[in-house]
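The following note collects points on a two-chain model for a colleague who will want to check each of them against the coordinates. Please read the points with the structure open.

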Amino acid sequence: MTDNKKKIVIAGATSAIAEHCARLWVSEAAVDLTLIGRNSDRTERVAADLRVRSPQSVFRILEADFIDPLAIRQLVDGIVAEGSVDIVLIAHGSLPDQAVCQQDLTACHEALTVNGISPVLFAEAFAGHMQKANRGTLAMIGSVAGDRGRKSNYVYGAAKGLVTRYAQGLQHRLANTGVKVVLIKPGPTDTPMTAHLKQQGARLASVENVAQLIVKGITQGKPVVYVPAKWALIMMVIRHLPRFVFNKLEI
Amino acid sequence: MVAVSSWGRLSKRQHEVVALSDRDHVIQQLKSSRSGIAHGMGRSYGDVCLNPDGVLWNTTGLDRFISFDESTGLLACEAGVLLRDIQRLVMPQGWTLPVTPGTQLVTVGGAIANDVHGKNHHVLGSFGDHVQRIKLIRTNGAATECGPDLLPDWFSATVGGLGLTGVITEAEIQLRRVPGPWLATETVPYGNLDEFFRLADDSEADWEHTVSWVDCISGEVGRGIFMRGNPAHVDHRPEPKNRKLTMPLVPPISLVNRLSLRPFNMAYFNLKKRQAGSGIAHYESFFYPLDNLLEWNRMYGPKGFFQYQSVVPREVGREAVRAMLGEIARSGEGSFLAVLKTFGNRQAVGMMSFPQLGVTLALDFPNQGERTLKLFERLDAIVREARGRIYPAKDARMPRDLFESGYPRLKEFIQYRDPGISSAFSRRLMEN
């Protein structure tokens, strides 16, 4: 890269939250954006939209296997070989059906892999390079669900809890470097992933607002960002509820 | 199931909402769905976007641009993209939507399905006049592309087709050059309907945008404020800061009522009269004055409101408008949101398009039940006699005979309907 466009990499670029973050980034300034997705047709559509919004930006689309550790390593090495990265956003995930996970261990395994192990492998693949470059911000999308296991979605919560604990450790490791690690914990957000929750009448935050708060949190390099911010308070209460109260809750 | 209202907030019934967000997945979603209707921002006032106890295909997740050619102004996008997002994208590059309604918080799909119009109908027609291509998905899984030069009959059925011919998933729109985001405007008070028509006629040649606010308590006199504007080149003027207010709650009774209407209209007329003359306006405040007051529809209270928008032919326009304003003033109903505007002599693209040569009157009415509906019956009689029509996008109650007489191509249109699509409006006025 000859110019000084900010270099951003998004894993899980077709996720609604990631897509809206990307729209905000390209609307601020022309960027050099690498979009990683499982399906290159869908990723290409996201890129086409961003290209219209920001013709000056540079886009690269990479199709990836999100499960295979070697493939992830190779992919990330390839990206970093072209120059050090300013922002990495690891955004992929899918909300599993808790009841199905309890019956079907394959579904359970997949949910844990996609939401927990895969994001951690991506982060780990970038972390070493970023540490060496001594710069950049690595952001991961966790979830408020990772703060305390609840019967309604603890498989997803466990995977996101893995991400939480991993991010915490990575923050510790990179504390005295130029690399910032940002853990984002969205509350339920209005995206295709949560369409069924909305059907059940849940009140969801708009994805535009959530993306705005995420982009702001990443710019500030905050270690933990709850979006919207009220979830920090709600989850503090939930984490500290004594078990005899918590076990009576239908949540 | 989710409770869904349209903009008029007249009902709040349960719907199964299916989010469309991946345009390759839409075919699958429609094929496996019960009968439904596409729903974007829900900005139509009545029931064209509702399907109680049935399915709504929410299109707001289909919000991607596909391509934009900065040299030709041809824009392709998914149907859930908001007009606001288009305007904000293209305005800095010297382009604009040729036709825009009074709110930019509507989707492209909704703008096509209702063939919305703006203040420049006499120059540029309605929204559908600028659509080059529509991608339509039928509930049997068939995907069709149509445009003015490709399956023009399907195009004509779909523009203004109220979403009943299939789900619009993508569109191409030919944008138009503008010198920038500003308009040179002129505000002219008028004392009666004769003056209004004279102003409208005199403005047709030299002004692209014309509209007027009519004081609905002035009755048959029909005094008001005429506003006209032209795109203008203005140097170095900072864009206005976007300050948004939200109507924070639904008041227990309508804030627009017999007590508030008279003083408000008096004050508004006199204020605007004093501001008469030339000015410069930003396009957002000129075209979308209400968009900065979010959820303003709440001000009509828990029972919601109707909008009554008719168009009557020009020959009988003056008499019909005079008669309608008389009825409204005698009833003591109405609101300060009252618009009187002439349409130009242009053949609409859509079989079911609303705009036609004549004069259109649009008024909000707080829902006072029977009393309001009785007034509408009297207005219907005037529209019927004048051989006019009512705008489906605003309607929640028009009688079937008026719908049929107002839309003579209805029988032709029905042949293009998708049997898997149905709305509260279509069941009310077209059997299914």
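Predicted model: local features only at pLDDT ≥ 70, side-chain atom pairs only at ≥ 80, totals over all residues.

1. A:I218 is buried, having 22 other C-beta atoms within 10 Å; here a residue is called buried if 20 or more other C-beta atoms lie within 10 Å of its own, exposed if 12 or fewer, and partly exposed in between, with C-beta atoms placed from the backbone. A:I218 belongs to helix α8 (residues 207-220) of chain A, where helices (H or I, at least four residues) and strands (E, at least two) are DSSP runs numbered from the N terminus. Leaving aside residues up to four places away in sequence, A:I218 touches A:I87, A:T137, A:A139 and A:V182, contact meaning that the C-beta atoms of two residues, placed from the backbone, lie within 7 Å.

2. Residues are numbered from 1 along each chain as its sequence is written, and chains are lettered from A and ligands numbered from 1 in the order in which they are written.

3. Some backbone geometry in both chains deserves a check, given that most residues other than glycine have a negative phi, and most peptide bonds are trans. The peptide bond from A:V227 to A:P228 is cis, with omega near -15 degrees, and A:P228 sits in the loop between β9 (224-227) and α9 (230-240) of chain A. A:N134, which is not a glycine, has a positive phi of about 60 degrees; A:N134 lies in the loop between α5 (105-133) and β5 (137-141) of chain A and is exposed, with 11 other C-beta atoms within 10 Å. In chain B, B:R387 likewise has a positive phi of about 60 degrees without being a glycine, is found in the loop between α10 and β21 (389-390) of chain B, and counts as partly exposed, with 14 C-beta neighbours inside 10 Å.

4. Which residues of helix α2 (residues 83-90) of chain B are buried? They are B:L83, B:I86, B:Q87 and B:V90. Seen down the axis of α2(B), these buried residues fall within an arc of 95 degrees, so they line one face of the helix, the arc being that of the directions from the helix axis to the C-beta atoms. The buried residues of α2(B) pack against β6 (74-78), β7 (95-96) and α3 (108-113) of chain B.

5. The axes of helix α9 (residues 314-331) and helix α10 (residues 370-385), both of chain B, come within 10 Å and cross at roughly 170 degrees. That makes α9(B) roughly antiparallel to α10(B), a term used for angles over 145 degrees. The contact is made by B:A320, B:A323, B:M324, B:E327 and B:S331 of α9(B) together with B:L375, B:R378, B:L379 and B:I382 of α10(B).

6. The contact between the chains takes 12 residues from chain A and 14 residues from chain B. On the side of chain A that touches chain B, the elements giving two or more residues are α2 (40-53) and α7 (195-199) of chain A, and the largest share, 7 residues, comes from α2(A).

Conventions. Axes fitted to C-alpha atoms, helices over the stretch in contact; angles between N-to-C directions. Parallel < 35°, antiparallel > 145°, perpendicular 65-115°, else oblique.
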